[in-house]
Each structure stands twice: as structure tokens, then as C-alpha cells.
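Here's a quick briefing for anyone meeting this structure for the first time. Have a look at the model, then read on.

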Amino acid sequence: MAACPHTTSVRLNVPHSTAQIYKDECTVCFDSPDNEGGLDVCLSCFNGGCTDPDRYHAIQHYNKEGHPLVVNIKRIKIQKDVRDGEEPPQKITKIAIQAENDADNYEYFTEVKCYECGGVEVDKTAGQIPKVVDAIMTSLSASRQSEIKAWEEEIVSCDHIRNINQETEKVVSAENAHCANCELGENLWLCLVCGNLGCGRQQFGGTGGNGHGLAHFDATGHGVACKLGTITPEGTADIYCYHCNEERSDDQLGAHLARFGIKVETQQKSIKSLTELSLEQNQNFNFNMFTEDGKSFEPLFGPGYTGFKNLGNSCYMASVLQSVFDLPAFVSRYFPVDATHLQTCNQDPGKCLQCQLAKVADGLLSGRYSTPTVSDSGEVQGQDGIAPGMFKALVGRGHPEFSTMRQQDSFEFFQHLIKIITQSERTTGRDPTKTFEFSNEQRLQCNECKKVRYSRDSTTALSIAVPATKKATSNGEEDEYESVTFEQCLDATNRFASFPEVLVINMRRFAYQNWVPRKLAVPIIFSEGKFDLEKYRGHGQQADEECLPEGAPGAGAGAAAGPTFDEAALEQLQMTGFPLVRCQKALLATGNQGSEVAMDWLIQHMEDPDIDDPIVTSAPSGGASEANPEQISQLADMGFTDKQAKKALKETGGNMERAVEWLFSHMDTPMDDDEEAAPAVSGGQSQEIVGDVSKKGNYQLASFISHKGPSVHCGHYVSHIKKGNQWVLFNDNKVVDDPKAPVDNAYIYIFKRED
């Protein structure tokens, strides 16, 4: 052991309990303490670096930061014998996970090294080293902290509950109770304002409901309800606030229920709570997939055949990442790892999006982590896969859904991923998301004068409602639907003004029934081979068409005489349960092209912050409407000028989300001094088309993502990718050849253009 002056001269601080300690894996690759050389954790900043001689990210970290001292951590899994009489694992009873002690599962070996002295082992008892090393070894790792934080779902109260104004006292009897609007006697919710009993919405796990509790809120504004059968003597129960659209708690539940003759101390919980239903579904879902004859698939290994460990409801992310990193634009951008960026990156690698994208690319494409695991009997059992915990924590940070461990929609995650990559890469000139960009063409025709207006929007994906027609006779409890062709689905879309390099299409196989999205098993007929989409190309205003002038009635929300609506389509949309203003906005945005097209728009814009704001008509022709100062300020905080912000908000009708997307796709658009006085549309069309209009719409299906499960609220996502002439299934850490790939049942299709 060499004498080292740095053991006492280098200032070290004992990490606090919430410090980010990267001791599970390298921050820029997936090597871990399980690898032969172990993992070096910096004693100054707690970065984790691999020790592989071909990579040695630990030395790269030292060369960049100048931190000489590290603790090298190696571990070996303890082989445990299962004996009769051992107690089973503790049953999960809430949406949380316990902090396990890895010391029970692994034997650890540590030594302290100094890179300033040539990487030699040094005395680990000198100075502050013992305290720092002990704190590192006993603290939760960064990935474990993120995991626990994501799993914890704290249910709190809200002002709607604390300030509830209950009406006249009445006695509500739970005996033989049923919904006030139907005969359903289960899944009943008691309105804590007036005592109305309404059935809930259908839930995963088979709980029935017709949504009359929600309908009661829509009709009366009474937004707080308690689920009968979940009330305990301790004064807890399932409480839901429709105003917040969240599960809540009620500290005064006993007093609130007493107003309706219910004494909490005499109640006994008789049905499963929402938390229990969620946990039960998560624990019982079968993640294994087999061939139709019941035999397991043959596992595949090597570069491009690496799976992901399931972190618990992370399949939506894994399926998207597998498909995205099969695309040339992403492979060339992030693989192999950009050594120059690693040396110059001024962020914590665990919090740098480019570092983490490159890490995922290396994990999936290098083949380094796609190795067979072998049982004690010598049987090949597949692969462990890589654990994308660091990446998930980063891309989900600050997001109300993707920061949790709840199941999410894979298409929504794709959109979120594209958005944050676009923001990260906007100054590099190497944005791989441009491979998805294209313009679509919308045609608006006045129902009275028959004049037309064309507009173009830039986007990165299509979302299409699949036509659903029930079969005349269906066997079993589930409805069966007629098959539709891929072309029938596309027929209802707007036209393409340009075709992207990679076309992403989300097939929305669900319909709203009693305000609840229900999954529809509608098969789509695909023909193998090329897809020619040229017939869906838009050609703009035709010679026999007359342009609708600015400010004309029927021109849209900006018309001086006010907007007009397709009344039949408006009525159909309202029957689905959406508020009037949302239905009107959807019809305006889609040019009154019918309820199905408007429904597509509604689904994609449900989270818009201004979706429920009143429709505001623009100033008369010749005047410019004032942009919202708060919106301008928010865009300015993102680095855009006031002039850019005003232009973007004008082009997108004041929609913040679309304004951000517009800005990122128009970074080179000049902002003239008189821009505010200039019309946003010239001749009925936008002046710029995103993408190369000379490219033909010829495509090959490259990959698809499927959803397996009974509803859109739960289930499991997998990805299929075309490798040569075969389809390969990526099901978390299972990677197998799939000769019977279910192309007709995909949720997302990803096509590559043939140039």
C-alpha cells in the first residue's frame, strides 16, 4: 500500500442523506460493481466511473475534474438456500417501496485508490476517508432514491375538501343502496355535498360503472365524493375530488359523513380501495409472452439485441427507446459515445440529457450487456438487460406523470421525449428529432359561400382514430370488431404537405363510453412490403377554388363575425361528455371536418392549459391582437426574445405548447420589426413547409409498439423491430425472434422513408 499525501490534503465532505451517490453503475455506461474491475466512486463528488481498460470512465472523470481519490466497490451476489419454514416477503400494502438493504444480498469489497499517485491503493483509514466511505456504502444510491421517490404516491387533501359547503342533513342508508341514475349497486360514490349516490367509472380489475358520479359533478358542480365500502373505523376512505381530478384525503371525514347519518366508528371496510386495485393489477400482470403452442421463444443476443430491465411500470418507456434507437438519425447522433462531449460537459453526467441518451445508445447497441444468463443447471435463461433508472429519473424530472412509477401511455412518452430532446439539441445543429418532422395540410371550406382556406402545421407524428364497427354477432363477453385496412385509417387524416424521413403513426383504438376511454380490439389489415402514401399528398389551393378572405365568417376563431360550427358534429362530441367549449375548439381547429377528426384533436389537446378558456375572437382585420404578457414572459424565460414569443403565439392562436413547438421548428425564421402588423397567413397558406417536398411518400414498416391489456389504464407495452427479414420482439429484458409478429394490433407504427 503506497503512501499518499492526498489522503489528508484533499478536502473531503461526508455526503448528506440526500446526496446523489452514483454507486450502482457508471454515470456514462451501464458497468457496475458486478463487473470484474468494480466501480470507482469519487470521494469528492460521488460520481460513479467504470474501470474497464477499454473505457475507464473513472479516469476520464479524474482527468476532467481533478478529483484524485476514489473508493473502488466490488460485489458478489450471496447464494441463499431456501429452507422450509422461512417467512414469505412482506406484502405490499400501499403505493410505496421499502428501502432494501443490499448487504443482505451481496458481499462487498472496497479499497481506496489515488489517481494522482497513479491509481495505486492507499490507506483508507487516513483523515476523513473512513467517514466518507462509510457514508457512501450505507447511503441510498442516486438510482434508489429516485426509485423510491417515484413509487411514493402521497395522497393529500385540497381546498375543495377543506372548504366544502355541505347542504341540508339527510340520512343515506348503505343497505340495498344503488346509483341514483341506474340500478348498479357497486362502485358507489357518495357526494359529500348533497348525499347523492352515483356509480363510478369502470376501472381496471373488472369493477363496473357507468360514470354517473362524474355526471353528477358535471351537472351540479359538487366535486367531492367518498367511495362506499372503503370507509374504516379510523376515519379513512377513498376520497375523490373531481375539481382536481385526483384521489384525495379528508381529515374531517368523520364529521362530513355524520351529516348523512354515517358513523365512521361503526364502519368496516368491505371492498378494495383504488390503491389496492392498482397494486394488485401491477403485481399480478403476466409479463411473460409465449408462442401460440405454449413454447418459449428462442432468446437472441449481441449488438442491437439488448433488453431493458423492468423498473416497475417502465415498459412504456422501454418500448419507445427500443424503436427510437433503431433509427439511423439517433444511432449516428448518440453512438458511439461522443468522447469530446464527455470531456467538455459541464454538468453532472447523471443530469445531462446528451450523456444519458449516449449511455442508453451504448447500452442497447454495443452488445456489451446482451449476454446470456445461465442457471445452476447450465440452462440459458435469457439476459438481465440494462436498467434505465438514471435516464428515467432525468427525463421524468418535474413531470407530473413520467416522474412517477405509474403506468403511462407510450405515445405520450414519445411526444415528451421528442420535446425535451428538441429543447436540448436546439443549439447543436445535430437534432435527431428532425427525422420525424413534416408538414400537414388542412383545408377549411365555408358551408355557405364554399370558399376555402388552406393552412399548414408542422408536427412530428400522426394520431388517428381507428374506425370501429361492431360485428353483428360477437362470441363471448367482449365486443368483436370488423377489420379495417391501413388505408381506411389514413383516409380520415389531413393531407401531407411533406413526408418525413420517419413517419410515426399512433392508432387510437379506443372510444369514450360514459366518459371513460375503452380499448377497442379493431384489427388493422396490413400488406407486407412498401407503403405508397403519395395519394395522401396535399396540393394546396386549386385553380377552381376561391380563397376565403381574412376575417370572413366561417374562417375560424379569428373571424370578425364569430366562428360557426357543424351542429351535428358538435352534438355528437358533447354526447361523449366533453364540455361545450372543448368541443367547439376542436371543431374550429379541424375546420369542421366532422366529429371523428375533432375527437382526434381533443384527445391530443386534453392537457392544453387553455383548453377550457373561453373562445376569444381576434381583433378586426387591420388590427393586431395583443399577445398574453404572461405567456410572453414564460417563453422569454426559455431563452426566446419577446419578438419571437409574440410571433409564435400569433401563429398558434395563443396556444403555449404549440408556440414552443413552433419556435423550435422555426429557429431560423427572421422576425421583422413590422412582424406584429403582418398577417400570419398569406393567400390562405403558411409560407413555410417543414421537410423536403421533393421526397416521395414511399415507406417500409420498421417497427411497431403494441399494448397488451384489458384497458388503456393498465397493461404492458412491447416493441417489435424489423431486423433484416425477421421481426424481433423486445419485451423488457426478453429479446426473441417472433415469426408471428402481431402487426395488425399495434398501437404505434414507425415507418422509414425509402429515398
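**Getting your bearings**

Residues 24 or more positions apart make up 70% of the chain's contacts (heavy atoms within 4.5 Å) with a separation of 6 or more. Keep in mind that this is a predicted model, where local features need pLDDT of at least 70, side-chain atom pairs count only at pLDDT 80 or more, and totals for chains, interfaces and linings use all residues. Residues are numbered from 1 along each chain as its sequence is written, and side-chain values use heavy atoms, with hydrogens and water left out.

**The whole chain**

- The chain has 21 helices and 25 strands, which are DSSP runs (helices: H or I, at least four residues; strands: E, at least two) numbered from the N terminus.
- Of its 755 residues, 49% are buried, meaning under 20% relative accessible area with a 1.4 Å probe, protein chains only.

**Helix H6**

- H6 covers residues 212-220, and its buried residues are His 212, Gly 213, Leu 214, His 216 and Phe 217.
- Strand S6 (188-191) and strand S7 (197-199) are among the elements covering those buried residues of H6.

**Thr 51**

- You'll find Thr 51 in the loop between strand S2 (48-50) and helix H2 (57-65).
- Thr 51 is buried, at a relative accessible area of 10%.
- Its side chain reaches the backbone oxygen of Gly 37 at 3.0 Å, and a polar atom of that side chain lies 3.1 Å from the backbone oxygen of Gly 38.
- Beyond its neighbours within four places in sequence, Thr 51 also contacts Asp 40, Tyr 56, Asn 72 and Lys 113, among others.

Notes
Buried < 20%, exposed > 50% of the residue type's maximum accessible area, 1.4 Å probe, protein only. Polar contact = N/O pair within 3.5 Å; in protein donor to acceptor, adjacent residues only side chain to side chain.
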